[in-house]
Amino acid sequence: MIYTEVEAIGEACSPEQDRDFLVFLQSQIDRIKAFIVRNSDTTASALEDQQRRVRAIAAKRGSASCQAEGDGMQLYNSIRSADRMQITAEMDKLLEVDREPLANPCL
């Protein structure tokens, strides 16, 4: 859901300028969702519902999410500026072994 929140911020604040990043982010979200579905009794539909709720909350915040000093935008910029190959490598490592999914294993 962290990546979904970051994606929602990007869609609200810079959908055209960061299109390639948002496509990359969606590919990572898709990988995480596939892992969760494969390793739990959660369905793809349930995950989509969760994502819709996160996006709806972000949409209600509207332009407030785009304030440079805000926590959401800082997180967005931090992930956007990270090396994509490194993000992919770290995601590969997190998802390489099937196991019970954990909430925010990176935190």
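Reader: Is Y76 buried or exposed?

Author: Y76 is buried, because its relative accessible area is 0% and the cut-off for buried is under 20%. Bear in mind that this is a predicted model.

Reader: Where does Y76 sit?

Author: Y76 is in helix α4, which covers residues 71-81.

Reader: And what is Y76 in contact with, leaving aside neighbours within four places in sequence?

Author: The contacts of Y76 are V6, I9, G10, S14, D18, F21 and L22.

Reader: Which of those side chains has a polar contact with the side chain of Y76?

Author: D18 does; the polar contact between the two side chains is 2.5 Å.

Reader: What about E7, how many Å separate its C-alpha atom from that of Y76?

Author: The separation is 7.9 Å, with Y76 and E7 lying 69 residues apart along the chain.

Reader: Switching topic. At what angle do the axes of α2 and α3 cross?

Author: Roughly 140 degrees, and the axes come within 10 Å. Here α2 is residues 19-39 and α3 is residues 44-61. The angle makes α2 oblique to α3, because only angles over 145 degrees count as roughly antiparallel.

Reader: Left-handed or right-handed crossing?

Author: Right-handed, as α2 passes α3.

Reader: Which residues make the contact?

Author: From α2, Q26, I29, K33, I36 and V37; from α3, A44, L47, E48, Q51 and R55.

Reader: How many are nonpolar, polar and charged?

Author: The contact of α2 with α3 has 5 nonpolar residues, 2 polar and 3 charged.

Conventions. Residues numbered from 1 in each chain as written. Predicted model: local features only at pLDDT ≥ 70, side-chain atom pairs only at ≥ 80, totals over all residues. Heavy atoms only, no water. Helix = DSSP H or I, 4+ residues; strand = E, 2+ residues; numbered from the N terminus. Buried < 20%, exposed > 50% of the residue type's maximum accessible area, 1.4 Å probe, protein only. Contact = heavy atoms within 4.5 Å. Polar contact = N/O pair within 3.5 Å; in protein donor to acceptor, adjacent residues only side chain to side chain. Axes fitted to C-alpha atoms, helices over the stretch in contact; angles between N-to-C directions. Parallel < 35°, antiparallel > 145°, perpendicular 65-115°, else oblique. Left-handed = near helix turned anticlockwise from the far one by under 90°. Nonpolar A, V, L, I, M, F, W, Y, C, P; charged D, E, K, R; others polar.
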